[in-house]
Structure formats: structure tokens, C-alpha cells
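Hi,

Here is the model I promised to pass on.

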Amino acid sequence: MGALAWVELLDRRGHVRARHRIDTMPALIGRSYGCDVLVDDPWISPIHVRIYRDLDGSFKVEDAGSENGLWSPDDDRRVTLVPLGRGVTLRAGHTLLRLVPADVSVPPALAMHVAAPAAGGWERWWIGPAAALVAGATFGYTQFLGDASTHGTATVVGEALAMIVGMALWAGIWALATRAVWHRARFLTHFTVVSLAALAMTGVLHAVEYAAFIAPGVPDFEAALVLLSFGVTAAMIYGHLTIATSLPKLRVAAISTAVVFGLAGVAALVASDEDSKGGGMPEFSAELKPLNARLIPVQDTTAFFGGIQELKTSVDSLAREPE
């Protein structure tokens, strides 16, 4: 004979802690060892809840004369008799009970993530390291062109390796998250995403710089660089999320866009705060050095006090003149 109903014990967040099968009617819930569902809660009576089948064949849940009663958590009211419908949730003591008929339907299974990378796809194992090497070399070479006097070969190689290590750490963080969800890290796939994003960002930067050099009168190149950078960042986050989660693509795109706009807002606030620290005063920076004593004009004290006496005499003579 199959189950007639199920009793689920929930935690405070509504997650199922335990499920108990009900095979006979009436069924009792409480702390007593004679109950069909035994609940370890000191605020629940020995026989707290009774589930039975009515004459019309429907199942009912009633308070079996408990000390603290049976409550509906939705509107916080005490109940004595409730029809057993789809997912009826009640509170007995400090325990949440969800009563479910055995014939209730369950939602379909969630779709699993995409299969492992195909041999001919963009997720081949060598694409990520190759893109990382190209991006690192491009970054180092750019630093060398920016100031060749202070960037030797060792410094350029060191900066390129530092960039590659940073991308590997970023991919490792996403790999840990993917491991927690799918039990597969897929580090190389995440490394491919961040490497291609770094390469695309470098390409966007150089393209906008060359365009500004060719057409210096066009004022919108800086805005174009910002928009393209946001687009590359959103695409990178989208790629990571499609690997680490099973969310629909539209939702992943919305999350990626929201994250980019959030980062842009934070950056704008930080820039605005830095601009406001000056209090509206123009920035000024200068280095003051003491002058040689011979360059500073001086006057003897005797001459200075003699000048004061002459000034006093002139003022007194002007005061004695008739108006």
C-alpha cells in the first residue's frame, strides 16, 4: 500500500529538515513515542496534531487538544481544523510542519548544465593559456613602449607574468564556485574566459587610442572606450556565470549587466567624492625653498625708528594747520 500523506519538518527558512511518511489513518504528531511522527520540541504536546480521513474521503488536520495550539504562520492565527491540501504549512510549538498529500505533483527536474567542452569548441584546453600569453605579452610590450627607459626585458617579462598570475587567480576563484555547484572546477574554461576578456580589453584600448590619434578632433573616443570596457566586462561575467550556474541565459545577461552598472556607479561615486574633497578650490602644487639672506632686503633698526619719528612730526604738523 502506498503512502497516504507526507509530513515535512521545516527550518526557519522553510527548508526541509526531515520527511515522514504516513501510511495509516488516523496519524498522530507529537512527542509521544506512540505517535506516527515524533517531533523533538518541548513546546509540542505528547499528542499535538491528528490527521484523519473524513467521511467524504478528504484528509483533515486538527489540533488534538494541545497545550500551545496549532497556528497558521501566514497570518499568525490559531486554527483547530484545516483541510489537507497542497503544501499546507502549520506551526506547532517552535516547529514548522508542512503536510503534503501523497498524490501531489512535483515540479519537473531542473535542466543540468551543458555537457563537457567539445573537442572542436572554443573551450579547448590550449585556448585559455594561449590567450593569456598573448594578453600578457601585449600588456608588457605596451608598458615598454610607454617608457622604454625604465622598462628592461626582465621588467617587461615580470609585468606580463604578473598579469597572467592575476588572471589565473581570478579563474581559480570562479573554479572554486563552480566546484561547489557542479563538483567540477573547470578551471581551464574559466581561464579561457578571463584570458579572452583581457585580450579583448587590450584590443579595445589600443583601437580607441589609435582612433583618437588618427582623428584627434572627435570628442567621443573616451566615452566609446568606457562603453566598450563595460561591454567586455559584462561579457566576461556572463561567460563565468554560464559555466558556474544553470540559470537561463536571459537571467545571466541581466545579472551581468546589473553587476557592471553597479561597479560603474561605485566608481562614479568614488570619483565624485575625490573631486569634492578640494572644496571647489583649484589644485595647486609648488615647492618652496628658502632664499639666500643676501637676496632679502633688510633695514637697520636705527633708520627704521628714525623714520617713525619723522612720520610722527609730519602728522603733528598737519594736525596744527588751520582748516
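Setting aside neighbours within four places in sequence, Thr 178 is in contact (heavy atoms within 4.5 Å) with His 183, Arg 184, Ala 185, Arg 186, His 190, Ile 243 and Ala 244. One of these, His 190, sits 12 residues along in sequence and 9.5 Å away, C-alpha to C-alpha. Thr 178 belongs to helix H2 (residues 153-182); helices here are DSSP runs of H or I with at least four residues, strands are E runs of at least two, and both are numbered from the N terminus. Thr 178 has a relative accessible area of 0%, so it is buried (under 20%; exposed is over 50%, partly exposed in between, 1.4 Å probe, protein chains only).

Before you go further: this is a predicted model, where local features need pLDDT of at least 70, side-chain atom pairs count only at pLDDT 80 or more, and totals for chains, interfaces and linings use all residues. Residues are numbered from 1 along each chain as its sequence is written, and side-chain values use heavy atoms, with hydrogens and water left out.

Leu 188 is in helix H3 (residues 187-214) and counts as partly exposed because its relative accessibility is 39%.

Then there's the open sheet: five strands in the order S4-S3-S5-S6-S9, with mixed pairing (strands pair if DSSP finds at least two bridges between them). Strands S4 (37-38) and S9 (81-83) are at the edges with a single partner strand each, so one side of each has no neighbour in the sheet. S3 (residues 27-30) and S5 (residues 49-53) run antiparallel, joined by three bridges; Leu 28 has Arg 50 in S5 as its bridge partner.

Cheers
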